[in-house]
2 protein chains.
Amino acid sequence: MVEKPDVGELAPPNRTLMGPGPSDVHPRVLRAMSTPLVGHLDPSFIDIMNEVQELLRYTFRTDNQWTIPVSGTGSASMEAAVGNLVEPGDTMLVPTNGYFGDRMASMAERAGGEVVTVDAPWGEPLDPVDVETAFDEHSPDVFGFVHAETSTGVLQPSVPELTSIAHENDALVVADTVTSLGGVEFRADEWNVDVAYSGPQKCLSCPPGASPLTLNDDAMDKVLSRETQPRSWYLDLSLLEGYWGDERAYHHTAPITNVYALREALRLVAEEGIEERWARHRSVASALKTGVEAMGLEMNAPDAYWLPSLNTVRVPDGVDDGAVIEYLLDEYDLEIASGLGALAGDIWRIGCMGHSARAKNVSYLMTALGDALSEQGADVDVEAGLAATGDAL
Amino acid sequence: MVEKPDVGELAPPNRTLMGPGPSDVHPRVLRAMSTPLVGHLDPSFIDIMNEVQELLRYTFRTDNQWTIPVSGTGSASMEAAVGNLVEPGDTMLVPTNGYFGDRMASMAERAGGEVVTVDAPWGEPLDPVDVETAFDEHSPDVFGFVHAETSTGVLQPSVPELTSIAHENDALVVADTVTSLGGVEFRADEWNVDVAYSGPQKCLSCPPGASPLTLNDDAMDKVLSRETQPRSWYLDLSLLEGYWGDERAYHHTAPITNVYALREALRLVAEEGIEERWARHRSVASALKTGVEAMGLEMNAPDAYWLPSLNTVRVPDGVDDGAVIEYLLDEYDLEIASGLGALAGDIWRIGCMGHSARAKNVSYLMTALGDALSEQGADVDVEAGLAATGDAL
């Protein structure tokens with residue numbers, strides 16, 4: 001028979017989160033999560049939904065009516081975007097310059113689409129010239145790109161140029177803003193991005209579970225005029241339109257508590273001001289970058305494409321990346337991450353996102369990293385690093 | 001430009017939740033939700049995942065290795081079950097005796113399957129004879145049924161009989177236990193159910209966002225030997241196997257906080273004991289049923305199929321179901337729900353689930369409902385109802 005498990009009180013360690021997400025959550029957001037629930041069709045929840053939509057629009061810099069939290073973590077909003085936009089017979093153009101382009105490709109294939117690629121090495125952004133060439137060659141219906149690549153720490157510049165190319169070719173554009181939304185400049189409307197999705201646990205510093213998505217009218221027209229149903233019922237935006245649109249009719253039970261939390265996290269964004277928040281990320285992450293460089297370490301991303309929210313630092317010769325990560329976790333309760341895919345073993349990924357993008361966290365990170373590297377016998381100038389960060393903060 | 005929204009502090013009303021879910025959440029579970037996060041790949045989170053899996057097995061009454069919380073609300077675990085089990089070319093047999101059979105059908109179609117039905121009127125369970133006939137006629141590969149139909153308040157009896165029929169015909173069985181798991185007797189292994197899914201916000205009284213799913217080896221063998229990929233990347237169980245299986249490799253970011261909450265909610269199940277919990281639901285809901293019947297109201301489900309966790313009460317002639325619901329919400333901060341689909345306007349749905357299945361809630365419900373019906377001029381004996389409930393509690 002199935003025995004009664006003996007499971008004790010929930011007592012996870014008290015981490016400082018400087019990895020690629022989740023980031024540290026603001027106490028006000030944690031408190032929102034412990035708010036008793038109302039029903040997902042309660043009139044008071046309808047008000048809360050409206051408020052979250054308004055706050056999401058502010059954060060995405062968009063007037064899109066169709067701006068909602070998807071009931072799942074970031075990959076759910078990603079699949080909602082790709083799976084609704086791509087119909088069997090459609091072609092989707094995806095990038096190869098990081099881990100998340102592959103994921104887009106897999107989702108587009110499962111949606112019944114054909115996938116074509118625009119290439120750039122891991123660690124570099126897409127070149128508009130290559131995007132233009134790919135359009136000439138493949139005439140894709142949908143073009144997806146990653147604004148902030150979590151696997152390489154590279155920021156995609158010249159977004160308006162990319163969207164122009166796509167629109168001249170009558171394609172719709174999907175932007176992955178998982179690691180940029182709320183932390184790095186992104187302007188959905190001004191940059192003519194048709195669809196953008198994100199995760200809440202990065203620069204918004206909200207526990208994962210309800211994930212930002214926005215679609216403009218062009219995109220929603222395509223979704224609503226599909227010839228075949230999207231292949232997921234749960235993520236079918238034409239059905240979700242009934243719940244998040246004017247009707248407010250039952251589709252599925254929303255993750256009520258996660259919506260509460262997202263509302264509070266977005267309220268913090270609005271209180272700070274979105275441009276001020278971008279500036280804070282840049283300034284705090286810059287102190288981190290200056291420090292690791294002064295220490296003698298090398299950033300993986302070229303300066304021109306440096307992504308403040310996710311700093312990729314090259315592992316110095318002779319140092320075991322995993323041993324450093326373990327040391328930081330064991331001795332400092334501090335999380336950073338290793339490289340993914342093509343960059344596994346070559347880099348560390350150090351997040352500087354949302355409530356983690358603070359002087360306190362960065363000072364602590366520098367101290368801890370310096371200690372870990374010394375422990376490993378790495379040839380680094382810890383004092384110079386700490387001094388440079390201190391000066392910059 | 002996009003204006004900064006003016007959104008105040010989160011202050012939802014303090015509801016008593018006696019609808020079809022969410023139910024009232026235990027304070028210990030709310031507190032778990034405000035616990036600071038660790039990363040989804042943190043060694044300490046791996047321990048928490050193991051504990052949640054163990055607790056889920058206890059609650060499902062199963063030894064299935066493959067027992068996990070899916071990263072979404074109940075419909076996500078439903079689509080994970082259907083979408084992974086049904087391949088293009090497969091036939092799935094679904095019931096027509098409630099709202100959720102239709103949802104199963106839609107998911108199976110989107111998965112590329114052919115859908116056939118076994119019929120029973122809304123408000124009645126499936127008859128094993130009809131299931132046998134449907135198998136003879138259609139030879140389905142997968143058979144789905146709803147153990148506790150939230151739209152009709154009907155409990156499906158004779159589950160072992162249904163699973164025998166399916167297995168004699170080499171089909172796999174999927175059980176919807178959204179409104180039964182943790183509140184009404186369900187025994188996955190003893191009853192030979194291959195796959196069962198549920199939602200956390202019903203008899204487990206946990207905020208929605210991470211949803212129970214279990215598959216036995218036969219089911220997982222089918223999933224892992226598919227010829228085509230499942231049509232959702234997010235819900236692909238062969239990929240999730242990497243995260244929840246031995247490897248613990250990154251797939252997507254888990255909803256960490258929802259996993260914390262589910263752990264605490266399941267700990268409460270284990271502390272009480274699963275059989276004791278089933279007995280409590282039956283006893284408390286019985287006091288509710290006795291009371292509404294003594295008041296002169298009629299239950300929609302026949303006594304033999306009465307579902308303690310979801311009580312469907314017929315709306316008396318001349319009474320406006322919506323007005324009563326509104327009155328309860330406005331005057332008592334109390335949520336009950338109207339009928340769905342074929343039963344819209346004909347019934348109220350009164351949940352008695354998890355932390356809401358308490359004498360305190362049922363007494364309050366009876367008082368409030370009596371008042372609302374008197375207000376509406378219904379011909380009911382409120383005093384008799386209150387007395388009967390009081391005696392039974």
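Helices here are DSSP runs of H or I with at least four residues, numbered from the N terminus. The model under view is predicted.

**First stop: the negative patch.** Please select Asp119(A), Asp127(A), Asp130(A), Glu132(A), Asp136(A), Glu137(A), Glu161(A) and Glu168(A), which together form a negative surface patch. Two elements of chain A, helix 5 (128–138) and helix 6 (159–168), each give two or more residues to this patch. Colour helix 5 of chain A next: with four residues, helix 5 gives the most to the negative patch.

**Second stop: Asp119(A).** Centre the view on the loop between strand 4 (114–118) and helix 5 of chain A, where Asp119(A) is found. Asp119(A) has a relative accessibility of 49% and therefore counts as partly exposed, since the exposed class requires over 50%.

Select residues 172–176 of chain A, which make up strand 8. Five of the five residues are buried, so strand 8 is largely enclosed by the rest of the structure. Display the side chains: Leu172(A), Val174(A) and Asp176(A) point one way, while Val173(A) and Ala175(A) point the other way. In a regular strand, side chains alternate between the two faces of the sheet.

Technical notes:
Residues numbered from 1 in each chain as written. Chains lettered and ligands numbered in written order. Predicted model: local features only at pLDDT ≥ 70, side-chain atom pairs only at ≥ 80, totals over all residues. Heavy atoms only, no water. Buried < 20%, exposed > 50% of the residue type's maximum accessible area, 1.4 Å probe, protein only. Patch = residues over 30% accessible without salt bridge, like charges linked within 9 Å, V, L, I, M, F, W, Y side chains within 5 Å. Areas by Shrake-Rupley, 256 points an atom, 1.4 Å probe, with all protein chains shown as cover. Salt bridge = Lys/Arg side-chain N within 4 Å of Asp/Glu carboxyl O. Lys, Arg positive; Asp, Glu negative; His and termini not counted. Charge placed at Lys NZ, Arg CZ, Asp CG, Glu CD.
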